[in-house]
Amino acid sequence: MSAVLHDPISRAEQDALNSAAPLTLAPDDGVSPQQAWALFSSGAAVLVDVRTTEERSFVGYVPDSLHVAWATGTSLTRNPRFVRELEAKVAKDKKILLLCRSGKRSALAAEAARKAGFTDVHNVLEGFEGEINAQHHRGTEDGWRFHGLPWIQS
């Protein structure tokens, strides 16, 4: 199947994000989805999706993002090779943004990456789908897709 771009942000919104002052982050700071997109789309950071392969396939993903699963399968079994796989794809001194479904797994992954010597790794707050609401739905109040940032689905 071909990829389809969903809900791109407007040109004015993109220009505003790109013209914003450079973002200075402490090593353990989280970033909003909008900040993550500004850093990633300008080439200032690498975006790594830490969700499962199935989540990316069925829910969607950010174009040109890298993929290193923090956990695998429906039981979300921790990937014991996460750090090695991340090291194989991204240098330890690069600015790295980690994205998961709601920002929880990516926070754990960021902590593990920092412990392994990655010096500039950050969690994308809210994640791709956002928090679950009172009706048990995601994407209605926050998250990458909620904010209208670029994503594709195959």
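Residues are numbered from 1 along each chain as its sequence is written. The model is predicted, so local features need pLDDT of at least 70 and side-chain atom pairs count only at pLDDT 80 or more, whereas totals for chains, interfaces and linings use all residues, and side-chain values use heavy atoms, with hydrogens and water left out.

**View 1. The rings of W70 and F82 form an edge-to-face pair.** Their centres are 5.1 Å apart and their planes stand at 80°, where rings of Phe, Tyr and Trp (its six-membered ring) pair if their centres lie within 6.5 Å, and planes under 30 degrees apart count as stacked, over 60 as edge-to-face and the rest as tilted. W70 lies in the loop between β3 (66–67) and β4 (71–72), while F82 belongs to helix α4 (residues 82–89), 12 residues apart; helices (H or I, at least four residues) and strands (E, at least two) are DSSP runs numbered from the N terminus. W70 is buried, with a relative accessible area of 9%, and R78 lies over the face of its ring at 3.7 Å from the ring centre, a charge being over a ring if NZ of Lys or CZ of Arg is within 6 Å of the ring centre and within 35 degrees of the ring normal.

**View 2. E55 and R105 are joined by a salt bridge.** The closest N and O atoms are 2.8 Å apart, the term requiring a side-chain nitrogen of Lys or Arg within 4 Å of a carboxyl oxygen of Asp or Glu. Because E55 lies in helix α3 (residues 53–59) and R105 in helix α5 (residues 105–115), the pair ties together parts that are 50 residues apart in sequence. Both residues, E55 and R105, are buried.

**View 3. E131 and K104 meet through their side chains in a salt bridge.** The N to O distance is 2.3 Å. E131 is in the loop between β7 (121–123) and β8 (151–153), and K104 in the loop between β6 (96–99) and α5, 27 residues apart. E131 is partly exposed at 32% relative accessibility, and K104 is partly exposed at 48%.

**View 4. Within helix α5, K115 and E111 are four residues apart, a separation of about one helical turn.** Their side chains meet in a salt bridge at 3.2 Å, N to O. K115 counts as exposed at 68% relative accessibility, whereas E111 is partly exposed at 38%.

Terms used. Buried means under 20% relative accessible area, exposed over 50%, partly exposed in between (1.4 Å probe, protein chains only).
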